[in-house]
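Trainee: I'd like to learn how to read a model like this one, feature by feature. Can you walk me through it?

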Amino acid sequence: MRQDSEAERPFADRRRLTIVFLASVSLLLGFATLAIYFQTYRHDFVSYDDGDYVYGNVWVSRGLRLRGVIWAITALYINWHPLTWLSHMLDVELFGLTPGPEHLVNVAFHMASTILLLVALSRMTGKPGRSALVSAVFAVHPLHVESVAWIAERKDVLSTFFEVLTLLFYAGYARNRTMARYVAVVVAFACALMSKPMAVTFPFVLLLLDYWPLGRTKVWPVIREKIPLFAMSFAAGVLTMIAQRRSGAVISLGRVPFGGRLANAAIASVWYARKAIWPAKLACFYPLQPARLRDVVLSLMALAIITSAARRWQTRRPYFLVGWLWYLGMLVPVIGIVQVGLQSVADRYSYMPLTGLSIAFIWLIADALSGRFVLQGLGVFLATVGLAVLAVAAWRQTSWWKDGETLYRHATAVTQKNYLMESNLGAVLSIEGRHAEAIEQYRRAIADRPDFEPPYANLGGELLDAGRVDEASVALKEALRINPEMELAQSNLGSVYKRRGDYAKARELLVKALGHKPDDAFAQSDLCFVMAKTESDDEAIAHCREAIRLRPRLGEAYVNLARILADQGNKAAAAGEYERLLAVLPSYPGARAALDDLKLR
């Protein structure tokens, strides 16, 4: 057996101490992560995107199936992120449509990213203590709660896991540039892009790390080896833009002018840094508001001062420039120059960029305390207290995600004129049967944002269900004035015309609605009824059967179908539909009497 020489022994001892330190810190960080996030096991889905990603997604909700896998790889739905879709499908396959395990999978990815970040930074910098503090901030910061506690943000934790894995592989490649190590970097980065396209600027981060701490100063070789990575980023960016334009998520310049976007970008860049220091009043949605000149000027001044300092310290403190540019560079895809959605900022956008900011300031403070043992001890104490405070705040922030009502009420409490959360809260209250409260929330959302169509459509649906047909018609027509292609408003207004007996107009609107959303079972059932009234029985039957396929417990679809079949003289088939209805809904009003009547004829 080989023995370490006297000269090698101190280095071997240092390596062992570093390994023990990293292992101990990893255990502590894992425990802290579980202490904050294990509560999510008891949390529910929220209606804020979880339906689109999991329980309401016709492909994901079936689990892992070949057709679903093909869809995941080829679909440009919301974004192009096939690994995210596949991870949700795997969860459904393993656990069913149960939110608790899906939450814990998010937590597991966050924990794994924390530990990999610790190892990668320590390997790159040779500073395990500072790397541990950066990783601890990543693990417990309240700004990261949204990414971990929100099932629909699986894409964030999954992409970041692969980004940090890319860092780890790149640290090995920088020391020993073999083809196998390079392929590992490329594959890990490809997986990051296929999880969330926000990773498109990550090759820029690798270039920064070449400068510091890796010290790779030959410019062309380090750029040349990144060309495939930048090409992958470009392709992912193109696919993302196509997907987001198709989904209607990209906001036009007419709605948010370019000048307003630049102003909000400046404010947002400083906002994330402020919230990193003082993470209070965090919400799942921050409405985009007109920028105040004072805020724009102060933000630009802050950005100029910090950037100027980073440039001046480039030689003596290169880590500050690298960390600051890491932070700004990773925010570029989500800073609002291309405005996607109506938010001004979002906690989840800081998930990986915040690491650059942590590196810049933790290294800066550690260098300032270097050699001053009393101050170093005080610094360690204050850092420990600070991390504990962040962890408690993160635990509290996580608790707001337990269900939709809690989440939306918190958001409306800590922000102003949060029309989207008011509208979402109304939808939750409506599902719970609290219709008067739902109507109040929809009216509040309309008052806060008169040009936002969803609360009009939802209000119209509530009023329609309450029998207030004329009021419903006014709200629904206003929704369609704002957005003539809004499926929910078309469908609900079609129901209004159905109740009024204007079947031709009802048919026109319902056909349009189903053109946008063919899996709307209620619209399918309404169109079945309307087509029967316009002497299109065969088409009507097809729509009723489709409504039942989509929603097997939709009683009105069975009734509509049974009546059509009875009118055609097919009493046996009509009776069969009533029997199927009673099998799934034994107490459905009038079904038993209608069945008995058919049997007596």
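Mentor: Let's begin with contacts: contact means heavy atoms within 4.5 Å. In this protein, among contacts between residues at least 6 apart in sequence, 69% join residues at least 24 apart. Before we go on, note that this is a predicted model, where local features need pLDDT of at least 70, side-chain atom pairs count only at pLDDT 80 or more, and totals for chains, interfaces and linings use all residues. Residues are numbered from 1 along each chain as its sequence is written, and side-chain values use heavy atoms, with hydrogens and water left out.

Trainee: How many helices and strands does the protein have?

Mentor: Helices (H or I, at least four residues) and strands (E, at least two) are DSSP runs, numbered from the N terminus. Here there are 29 helices and zero strands. As for extent, the C-alpha atoms fill a box of roughly 105 × 65 × 45 Å, taken along the principal axes.

Trainee: What percentage of the residues count as buried?

Mentor: Buried means under 20% relative accessible area, exposed over 50%, and partly exposed in between, with a 1.4 Å probe and protein chains only. By that rule, 52% of the 601 residues count as buried.

Trainee: Can we try that on single residues? Is I277 buried or exposed?

Mentor: I277, in helix α13, counts as exposed because its relative accessibility is 71%. M301 sits in helix α14, and its relative accessible area is 46%, so M301 is partly exposed. The C-alpha atoms of M301 and E556, 255 residues apart along the chain, are separated by 62 Å.

Trainee: And where is T201 placed?

Mentor: T201 is in the loop between α9 (179–193) and α10 (202–211). T201 is buried because its relative accessible area is 16%. Leaving aside neighbours within four places in sequence, T201 is in contact with G329, M330 and P333. To judge polar contacts, look for a pair of N or O atoms within 3.5 Å; within protein, one must be able to donate a hydrogen and the other to accept it, and residues adjacent in sequence count only if both atoms are side-chain atoms. For T201, a polar atom of the side chain lies 3.2 Å from the backbone oxygen of G329.

Trainee: Which residues touch the most other members of the largest nonpolar core?

Mentor: A nonpolar core is a set of buried Ala, Val, Leu, Ile, Met, Phe, Trp, Tyr and Cys residues joined through side-chain atoms within 4.5 Å. The largest one has 178 residues, and Y48, L167 and W326 touch the most other members. Helix α8 (residues 154–175) provides the largest share of this core, 11 residues. Take Y48: apart from neighbours within four places in sequence, Y48 is in contact with W150, A152, C284, F285, Y408, L420, M421 and N424.

Trainee: What about the second largest cavity?

Mentor: Its volume is about 50 Å³. α18 (404–414) and α7 (145–149) each supply at least two lining residues, and α18 gives the most, with three.

Trainee: Which residues are closest to the centre of the second largest pocket?

Mentor: That pocket has a volume of about 1200 Å³. Of its 37 lining residues, L133, V137, I362, I365 and A383 are the closest to the centre. The largest share of the lining, 11 residues, comes from α17. For classes, Ala, Val, Leu, Ile, Met, Phe, Trp, Tyr, Cys and Pro count as nonpolar, Asp, Glu, Lys and Arg as charged, and the others, Gly among them, as polar. The lining of the second largest pocket has 27 nonpolar, eight polar and two charged residues.

Terms used:
1 Å grid on protein atoms, 1.4 Å probe; cavity = no way out; pocket = protein on both sides within 12 Å on 5 of 7 lines; lining within 4 Å. Points joined across faces, edges and corners; volume = space filled by probe spheres on them.
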